[in-house]
Structures are given as structure tokens and as C-alpha cells.
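Have a look at it before reading on.

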Amino acid sequence: MTKIHINWVDIGDINDIPLRGARCVKTPQGKIAVFRTADNEVFAIEDHCPHRGGPLSQGIVHGTAVTCPLHNWVISLETGKALGADQGEVRTIRVRNDNGALSIALESLMMAAE
Amino acid sequence: MTQKLVIIGNGMAPGRMLEHLFEQAPSQYDVTIFNAEPRVNYDRIMLSPVLSGEKTYEQIVIHGDGWYIENGIMLYKGHKIVSIDRAAKSVTSDHGVTESYDKLVIATGSVPFIIPVPGKDLPGVITYRDLDDVQAMLLAAQSREKAVVIGGGLLGLEAAAGLASRGMDVTVLHVMPTLMERQLDPAAGYLLQKAVEQRGIKVITKANTKQIVGTDKVEGIELDNGTIIPATLVVMAVGIRPNAAIAQEAGLAVNRGIVVDSGMQTSDGDILALGECAEVGGMVYGLVAPLYEMARIAAAHLAGDRSPAFVHSDTPTKLKVTGINLFSLGDFAEGDDREEIVLRDATAGVYKRLVLKDNRIIGTVLYGETADGAWFNDLKKKATDISEMRETLIFGQAYQGGSPLDPTAAVAALPDDAEICGCNGVCKGKITSAITGKGLTSLDEVRAHTKASASCGSCTGLVEQLMTLTLGDSYNPAAVQPMCGCSDLGHDDVRRLIKAKRLKTIPAVMQELEWKTSCGCAKCRPALNYYLVCDWPNEYADDYQSRFINERVHANIQKDGTYSVVPRMWGGVTNSGELRAIADVVDKFEIPMVKVTGGQRIDLLGIEKEDLPAVWADLGKAGFVSGQAYAKGLRTVKTCVGSDWCRFGTQDSTGLGIRIEKFMWGSWTPAKLKLAVSGCPRNCAEATCKDIGVICVDSGFEIHFAGAAGLDIKGTEILGLVKSEDEALHYIVALTQMYREQGRYLERIYKWGKRIGLDEIRRQIMGDTEKRHAYYERFVFSQKFAQVDPWSERVSGKDKHEFRPMATVGYPEAAE
């Protein structure tokens with residue numbers, strides 16, 4: 001039986017991330033890229049472009065999307081899907097923003113720990 | 001037999017006359033032109049866009065120097081004719097040149113009217129008539145101080161808008177109660193005043209100037225009610241009067257202007273006059289359409305066809321201020337025998353008024369929404385009885401006969417003889433038949449063949465719609481490639497507007513130039529960031545988040561997300577100490593790959609991002625700075641060993657290369673910039689495929705540019721030969737700055753050169769000392785802010801968030 005258990009893990013403050021920028025969170029399953037948009041929205045996705053594995057956290061953030069630094073794929077931060085003509089998807093991770101204190105939901109982590 | 005034709009004046013009317021004449025009678029005349037202005041024929045209507053920065057002088061030239069040569073015309077630039085000897089049939093210029101004529105054409109245009117008040121001759125009081133006036137205004141505008149424009153007519157308002165967009169604090173004084181009262185009724189004048197004021201321009205109506213105050217130069221204006229308005233620049237734009245002095249001295253019949261018959265002939269059978277200086281049927285003209293009509297008639301008469309005769313017609317007036325649309329035509333005074341139809345839409349800022357007499361349109365004023373101007377003009381011209389469509393007339397053509405609201409429907413419904421281009425008198429049928437008959441596919445071609453939209457350009461939209469109608473989907477009106485999906489503007493327009501509107505942040509650019517996205521995209525943001533860095537080196541705060549990752553972390557991202565680091569090796573020269581330091585860094589950080597680059601330096605590959613500051617710290621201790629091997633900026637200056645070692649070397653190529661690199665490092669450019677210096681024509685540094693190269697020869701330094709050895713392979717072009725190292729550096733720096741200011745983002749120097757013309761670059765850098773020095777100085781200035789080693793900055797803690805993870809979570813230790 002699999003029990004889905006949402007584990008909110010604190011990762012820091014919203015001001016640790018530059019506006020229209022990103023920071024990385026290291027986890028045993030790989031890096032997670034946490035983005036802060038111009039409108040102060042926060043998103044987290046796997047730091048791994050569906051195309052060739054580029055580090056999305058290093059890309060240019062515009063609107064609610066990021067352009068991968070390796071080959072310019074544009075990935076939606078909301079859905080994790082590639083925009084435009086490209087096809088592919090990265091995992092999105094839920095983020096909680098409690099007055100600027102950020103935490104991410106690591107459900108798979110719990111499964112892995114069991 | 002060839003006859004001698006002499007023309008006094010080189011404005012738009014005689015220019016057009018010659019075009020017609022060469023078409024009708026190609027070799028009938030030997031032509032000599034005397035131009036009091038020291039330049040070729042340009043489009044005077046477009047001076048306002050030059051003033052506001054939307055166009056450059058080069059873009060408004062009608063006939064370049066080549067045209068005069070091709071047509072065998074002798075053009076005396078800067079020669080003013082001081083006398084006409086009608087008995088000897090000759091003219092004499094102020095420089096003492098005398099030319100005899102068989103036929104003489106006087107086209108001396110007009111002179112601005114100067115109101116006779118005290119202080120009118122003070123320095124700082126200028127008129128608005130020619131390019132010199134525009135340049136004087138641009139110079140004055142650099143002060144960003146206060147300007148007063150006297151005159152609230154077409155010219156005055158265009159001057160005011162131009163000066164305001166150049167950053168001046170502008171007040172317009174107008175003697176009448178409302179602006180442009182000759183073209184607009186009071187209601188439209190009021191809307192216009194509001195729109196002008198919204199641009200930050202103050203408007204004072206019913207303003208009578210008492211005097212211009214100041215001791216050595218203009219300090220302000222005093223009105224007759226005692227108000228004093230401070231100003232460092234006063235522009236008089238109160239009107240023009242025909243320039244008929246020379247004709248009067250020669251004893252020709254002169255009234256307000258030089259009196260001519262309907263064939264443009266003066267009281268002397270061998271002398272014609274046309275343009276703003278001519279008076280025909282008791283009228284003088286200032287708008288281009290009737291002047292071009294005079295040109296057509298004068299050409300026919302010179303060619304021997306005496307049948308065409310000038311007939312008066314009303315010409316629509318349009319204001320060339322971006323964002324203000326107004327159209328005015330004919331007579332709109334009130335009267336007992338007249339009716340009017342008015343439409344007002346306050347929210348949309350629209351006002352339309354039609355004045356009717358006997359069920360026919362005699363006057364039209366459109367403000368805010370002017371698309372139906374051509375249609376109303378057509379109805380007026382043909383004196384169409386409008387009683388059938390009275391109810392819906394004011395809504396425009398789209399509402400007649402239930403035709404759909406397709407944007408091209410209005411144009412499609414126009415008859416073939418409807419006038420599209422008022423300036424050049426080009427009707428719809430002529431345009432469509434030229435498109436199909438000559439297989440034209442671009443706007444420029446249509447302009448070249450028909451002249452439609454080639455003067456003031458305000459009918460460009462209509463011409464484009466005609467092209468869409470005629471060519472269908474094969475016509476793509478976006479001839480200018482937009483920067484990206486976020487804007488309709490091309491790179492060049494954006495660059496020009498950044499300077500003209502003095503935009504100094506990315507949000508300001510996006511707001512003012514109406515970006516379609518909230519914060520741009522990965523294409524436009526780095527481009528805008530570069531343009532702003534280049535144009536405002538001391539004011540613009542670099543937008544870190546708009547730079548590509550390599551320029552943010554000052555290293556090159558690799559396919560696995562690690563980085564490569566290339567320290568600068570000046571001119572490719574190193575020593576044991578530097579090599580030892582590199583070896584130690586490689587060992588300490590277990591760097592997996594060390595590679596010698598094509599630019600004569602050493603690349604360290606496979607470094608983890610977190611290790612970058614520590615790697616730089618160790619390299620910095622050995623004296624290394626960033627090699628900017630990642631930058632859209634100066635990369636390397638490759639050298640050979642030159643006269644110090646090589647038995648063939650003619651100059652110290654290594655020393656020059658190092659000197660250039662030390663001078664230019666840190667500069668940002670539109671795309672990467674790679675240089676090389678070879679000590680002799682054997683060219684071991686491969687300088688002839690670089691962006692900029694130098695080949696040393698015995699007699700000096702041959703400067704090359706615009707080479708490529710990447711996606712494209714292309715040998716360089718020669719810029720020129722200079723004698724000393726100092727000059728070589730100076731010319732290379734000036735060339736680089738010209739490229740920095742004009743290149744489109746990511747456009748390498750060879751593509752830029754191809755686009756703007758290698759000769760033009762040579763002319764500005766080799767031929768124009770003043771321009772070259774100005775480019776050089778601007779480069780030197782910007783280097784003050786650019787030459788900071790990014791590695792040592794980051795070793796001292798700048799952007800440290802970039803090199804550390806935000807958090808590390810989920811590991812067993814962390815979970816405990």
C-alpha cells in the first residue's frame with residue numbers, strides 16, 4: 001500500500017531568490033529549481049530540461065516561463081510543459097509561500113524513505 | 001541640339017521636375033543646379049521625424065550624389081545665386097561662378113517669417129526650415145533646458161513635439177485662441193491642445209510676444225501681458241513667405257511670389273518659376289502636392305509640351321506627430337447655406353466634422369480617427385451628391401451599403417481614380433496596375449515605381465492595404481523583421497527610439513514602445529540590456545536577470561551544466577608563473593580537461609558552478625583576470641611574434657595586440673568581437689578572417705575588418721592604411737564604437753558591415769575626422785564603467801547567491 005504523505009520542507013525566504021530569477025534546492029533525487037517571477041509568484045520544477053537535461057535554473061525567466069540555457073527551449077513554470085512547437089514536460093513541485101517563507105512538497109521523498 | 005538649363009534651388013519641386021523632364025526628354029538639356037544649402041535634395045517634409053529621432057538624415061535623402069552624376073547634372077552645393085543677368089542670359093553665384101542659360105528655372109522656395117520684435121537676432125533664436133535648423137535644435141536640445149516655440153501651426157507643433165521627445169521642456173505660444181486654426185475648427189483644436197499637453201508640452205494661446213529677452217543670448221520671452229517665460233532656445237515657426245528677392249532684382253513680375261502663368265512661365269519667356277516661391281492664379285502654396293503638380297507642368301513645358309496647365313485644388317493637411325491623427329481638408333467655416341454633421345466620441349478621443357453645401361462635402365475635419373480621409377476627399381473632389389447616405393455618412397465608408405468591417409474593405413471599395421497619396425498625386429489605379437504590371441512585391445518597390453507614400457509617408461497604411469488586396473497572402477507587410485514576438489518594432493527602430501526618447505531602463509523601453517508582453521522574453525531582454533548599456537554607459541544599471549547565464553556567472557555553461565573558465569592571456573603571451581598557477585588550480589579542483597583555444601589561451605573545462613569563485617580566487621592571486629570568453633564583447637587579440645623575434649616581422653605585432661587588448665577589454669559589443677594582429681603579410685595570426693585585424697607592413701598598419709571564420713567563411717575587407725601604432729589603435733577603437741552603436745544584438749561585424757555598407761563605414765572612420773574622434777571619445781568614456789574584472793568582484797562576494805544552492809534537503813542528516 002502506498003500512502004501519499006505530503007511533507008512540507010522549508011527551503012528559505014522568497015527574498016533569497018532574485019526577481020525574475022531562480023535558485024537551486026539540492027535533494028537526493030536531483031536538483032529542484034525554484035523560480036520567482038516579476039510578479040512575485042514562486043514556482044518549483046525539476047532542474048532538468050526535457051530536451052537534453054539542461055539546468056533550467058540557469059535560464060532567463062520571463063512571464064511564467066523559463067528559457068533553457070542550452071538550446072532555448074521554453075518551459076512553462078506553471079505546467080512544466082514545453083511551450084511553442086517543442087514537446088516535453090518536467091515534473092512540477094508544489095510550493096507553499098507563507099508570507100515569504102517558502103517550503104516545497106516532497107511527497108516522493110517520503111515514499112523513498114519508507 | 002542640347003540646351004543649357006540652369007536651376008536656382010535644389011528642393012523637392014525642382015528635383016521632381018527633373019525626374020519628369022529626364023523621363024520625357026532625356027537628352028534635351030545640360031543641367032546645372034545652384035543650391036544655397038551645402039547638400040543634395042532631401043525630403044523636407046520629413047524634417048520633423050528627423051528632429052524627433054524617428055528617422056535619420058540619410059533616410060530622407062531623395063537624390064543621392066550618384067543621381068546627379070548619373071544624370072550628368074552639375075550641382076554647385078553651398079552656392080547662392082546673387083544676380084540674374086537677363087540680357088546676357090546668365091546667373092552668378094556668391095562664390096563668383098557664372099553660368100549662362102537657355103532656360104532658367106527659379107525655385108528658391110520660401111523664407112521663414114520672423115516676427116519683428118526686439119531680440120529677434122539674439123543667438124538661440126532659430127527658425128524651422130531646413131536641416132541646419134534641425135541640427136541647431138538638436139544641439140540646443142542636448143542641454144535639456146527650456147524651449148519656446150512661437151507658432152501653434154503645423155510646423156510649430158511638430159517642432160515642439162520633436163524638442164519634447166529630445167528631452168526639452170517646451171512651451172508653445174500661439175497668437176490665436178486655438179491651435180492650427182487655419183486647418184482645424186475650435187473643437188478639434190481643443191482636442192489637439194489636450195493631446196499636445198499630455199506630452200508634457202505647455203500651450204499658451206492668445207499669446208502676443210512683446211520681446212525676446214537676453215543680453216548675449218536668449219534668456220526668455222516676454223509677452224505683452226508682462227509674463228516672462230525663461231528659455232534658452234526660441235523657435236520661430238509663425239509662417240513662411242515666398243523667397244522672390246532675386247526675381248524682383250532681376251525685374252521679373254513679383255506680387256506675393258514670382259508671378260507665373262498656368263504653365264509656370266514668368267514674365268520673361270525663358271525663365272520659369274515653381275515651388276513655394278511661385279504665385280499662380282493669385283495663390284502661393286506651401287504643401288507638397290501642388291508643388292509637385294507645378295513640377296510636372298514645368299517639366300512638360302520644358303520638354304516642349306505646352307498643353308498641361310496648373311489648376312488649383314485643395315490639399316488635405318496632416319500633422320506628423322506620432323500618436324496624433326488629424327486630417328483637415330477644404331472649407332469648414334459656418335454659413336447660412338451650409339450644414340454640418342458632427343460625431344464626437346469623448347472616450348475614444350474622436351471628433352469628426354463634415355461641412356456640406358448643396359448635399360456635397362466642401363470641408364472635412366477628422367481628429368483621432370482619420371482612416372476615412374481618403375474617401376471623404378474623393379467625395380469632395382468629385383462633388384458627389386451624398387443625400388442617399390446622409391444618415392451614415394459620418395461613420396465612414398465601411399458603413400455604406402452594408403459592406404463588412406474588413407480593414408481592407410474601405411480601400412477595396414475606392415474607385416480606381418481615388419487619390420491615395422496626396423503628396424505625389426498618386427491614385428489607386430496607378431498603384432494597383434504598377435503592382436501587377438511590374439510584379440512589385442515590397443513597399444519600397446511600390447515607392448520607387450509610383451512614388452506613393454514616398455514623401456510624408458502618412459498614406460503608407462493605405463498603400464500596404466492595396467498591396468494586400470492586390471497580392472493576397474503573398475504580401476507580408478511586416479517588411480521590418482520585429483525584434484521578437486514581444487514587439488512589432490525592429491532592432492534599428494528600438495535602438496533609435498531608446499536614444500530619441502531617452503529611455504534608460506528595460507521597463508521604460510517596454511512601456512514607451514508598447515511591448516506586448518509584461519516582461520519580455522529571452523530574445524529581447526538581453527538585446528535591450530545591451531542597447532541600454534551601450535547608449536547610457538554611466539547611467540544604466542545593468543539588468544543581471546536579462547543576461548544569458550554565461551554573462552551572469554562569467555564562465556561558459558557546458559552540456560552537463562558544468563562551466564569552463566578561460567583566463568585572459570594578453571596577446572596570447574604567458575610565462576612560467578602563470579602556467580604554474582594554472583597547473584595548481586587544475587590539480588586542486590580536479591579539473592578534468594585543459595585545452596588550448598583557437599584564441600591563444602587556455603580553457604579549463606568541467607568546473608562545478610559552486611567552485612567557480614574559489615577557482616577565480618586562486619587564478620586572481622597569479623594576476624589573472626577574466627578572459628571574457630563567454631561575452632558578447634571583446635574576446636581575444638591574437639598575435640604573432642612580430643619584429644621582436646621573427647625574421648620577417650615588420651612591426652611589433654605582439655606589443656600592438658597587447659596594447660589593443662588592454663585598451664578594449666571589458667567592452668560589450670552586439671556580438672562577440674575577435675581581433676588579431678599579424679606582423680607581416682604572411683599573416684600567422686590569421687588576421688584576415690577576424691572581426692577586426694591588422695596586417696603590419698613596412699609603411700605602417702593595414703586595418704582590416706568584417707571577416708568571418710565560423711558559420712560563414714569570409715575574408716576581411718580593408719578599412720585603410722595608417723602610419724603609426726597610435727593611429728591603428730585610434731581607428732580600431734572608433735570602428736568598434738560605430739559597430740557598438742549601430743549593430744543589432746547578435747549581429748557580427750561582417751553582417752553589420754554588409755547591411756550598412758562598407759563604403760559608409762570607411763567614409764565615417766577613415767574620411768571623417770570629426771566623427772572618428774567622437775566615436776573614439778564615446779568608447780573611452782564607456783570603458784570607465786566597463787573595465788572592472790568580474791572575477792575579482794565575485795571573489796569579493798558579489799552575486800554570491802548565484803554560486804550556492806538555496807537549500808539542501810532530504811538527505812539523511814538533514815532529516816534527522
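This is a predicted model: local features need pLDDT of at least 70, side-chain atom pairs count only at pLDDT 80 or more; totals for chains, interfaces and linings use all residues.

Which residues in helix 18 of chain B meet helix 19 of chain B? Ala581(B), Asp584(B), Val585(B) and Lys588(B) do, and on the helix 19 side they meet Val615(B), Asp618(B) and Leu619(B); contact here means that C-beta atoms, placed from the backbone, lie within 7 Å.

Residues are numbered from 1 along each chain as its sequence is written, and chains are lettered from A and ligands numbered from 1 in the order in which they are written.

Back to our helix pair. Helix 18 of chain B covers residues 576-588 and helix 19 of chain B covers residues 612-621; they pack at an angle of about 155°, with axes 9 Å apart. Axes are lines fitted to C-alpha atoms, for helices over the stretch in contact, and angles run from 0 to 180 degrees between N-to-C directions. The two helices are therefore roughly antiparallel to each other, a label for angles over 145 degrees. Helices (H or I, at least four residues) and strands (E, at least two) are DSSP runs, numbered from the N terminus.

Strand 15 (residues 209-213) and strand 16 (residues 220-223) of chain B run antiparallel, joined by 4 bridges; strands pair if DSSP finds at least two bridges between them. Gln211(B) stands opposite Glu222(B). There are 6 residues between the strands, and in the turn Gly214(B) has a positive phi of about 145°.

Now for where the chains meet: 29 residues of chain A are in contact with 22 residues of chain B. On the chain A side, the largest share, 6 residues, comes from strand 2 of chain A. That side divides into 16 nonpolar, 8 polar and 5 charged residues. Strand 2 of chain A also pairs with strand 42 (residues 807-808) of chain B, in the parallel sense over 2 bridges. Val25(A) has Ala807(B) as its bridge partner there.

Finally, chain A holds an open sheet of 3 strands in the order 1-10-9, with antiparallel pairing. Its edge strands are strand 1 and strand 9 of chain A.

Methods:
Angles under 35 degrees count as roughly parallel, over 145 as roughly antiparallel, 65 to 115 as roughly perpendicular and the rest as oblique. Two residues are in contact if their C-beta atoms, placed from the backbone, lie within 7 Å. Ala, Val, Leu, Ile, Met, Phe, Trp, Tyr, Cys and Pro count as nonpolar, Asp, Glu, Lys and Arg as charged, and the others, Gly among them, as polar.
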